[in-house]
Amino acid sequence: MDDKRAPEVVPDDKGAKKAKTTPLPKDPPLSTSSPTSLTPLQSSLSDGIAMFFMSNRKKRFFLPSRENVLNSLEFPFLMKDSGCNTVLFPIPRGQLRCFPELFKDDLWLISEGSGVNGAHLVLSISAVHHSFDLKTMQDICPRTFSLPNVRFSLCTEDMEEIEAECNTAHSVIASKLTKNSMKILHDAIARGQRVARRKHGLIGQNILLSHHVIQMCAVENPFHPDMDAHGCSVALLVKRDMLAPVCEAIIPIARHLTDVGMNNVEP
């Protein structure tokens with residue numbers, strides 16, 4: 001609110017009166033993390049681009065950001081996988097004990113899954129009267145996706161931890177799982193099935209199918225001169241009704257994508 005008080009009048013050295021004004025407080029400096037402060041990448045990206053990926057040396061496409069969050073769970077490596085029907089996350093080591101609180105009002109189900117890594121168990125959690133917000137690329141170009149359900153790949157350590165917790169008195173996890181889910185879990189452990197913990201999550205068809213996917217090859221990558229002469233590739237997820245304006249902006253987008261670098265892409 002503006003100060004409407006009249007300025008104070010004081011005599012000067014010669015007896016004349018002059019107005020004395022009280023200096024206004026200085027505005028605080030703008031934070032570099034302020035939402036109004038956009039990076040060159042954020043400024044160049046069209047709102048029609050929902051997500052983008054960069055290829056690594058194995059020609060797999062990862063988000064070029066390690067700041068991806070779901071329900072306070074952090075997933076530093078997320079890969080585009082058109083062969084996966086849904087999103088599939090690893091359970092961060094030591095975070096399984098937080099699940100009863102993070103997903104206390106949701107439906108849990110353990111089922112058998114399969115993939116390039118062979119058979120494994122999956123914990124599916126479906127939201128009740130709400131959705132899960134997957135917040136991606138929070139440090140460079142924030143995007144949020146609402147998901148009705150999420151899946152978590154269970155490694156051997158996860159399976160054994162769930163079984164041990166279910167054997168305790170007043171187990172919260174046991175109360176969330178059906179008898180069939182418990183049987184699938186016990187049978188997998190009894191078979192001596194050994195499953196390593198996944199290193200990265202998968203962005204699958206429940207997100208990809210609702211977007212156009214544009215792959216741009218041979219984008220120069222100055223951060224990794226040891227890569228082949230064709231550089232790295234970039235995959236863009238474009239909202240269906242925004243394809244034309246995005247295509248018009250492809251060139252400046254490609255230039256700014258090189259500024260992101262490959263430091264945050266899984267090697």
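The buried residues of helix α3 are covered by elements that include β10 (120-126), β13 (149-154), α4 (172-176) and α5 (179-190). Buried means under 20% relative accessible area with a 1.4 Å probe, counting protein chains only. Helices (H or I, at least four residues) and strands (E, at least two) are DSSP runs, numbered from the N terminus.

A word on the model: it is predicted, so local features need pLDDT of at least 70 and side-chain atom pairs pLDDT 80 or more, while totals for chains, interfaces and linings use all residues. Residues are numbered from 1 along each chain as its sequence is written, and side-chain values use heavy atoms, leaving out hydrogens and water.

Helix α3 spans residues 156-166, and its buried residues are T156, D158, M159, I162 and C166. They fall within an arc of 165° seen down the axis of α3, so they line one face of the helix. The arc is that of the directions from the helix axis to the C-beta atoms.

Now look at how α3 meets α5. The two pack at an angle of about 125°, with axes 10 Å apart. That makes α3 oblique to α5, because angles under 35 degrees count as roughly parallel, over 145 as roughly antiparallel, 65 to 115 as roughly perpendicular and the rest as oblique. Axes are lines fitted to C-alpha atoms, for helices over the stretch in contact, and angles run from 0 to 180 degrees between N-to-C directions. Contact means heavy atoms within 4.5 Å.

| Helix | Residues in the contact |
|---|---|
| α3 | M159, E160, I162, E163 and C166 |
| α5 | M182, L185, H186, A188 and I189 |

Notes
Buried < 20%, exposed > 50% of the residue type's maximum accessible area, 1.4 Å probe, protein only.
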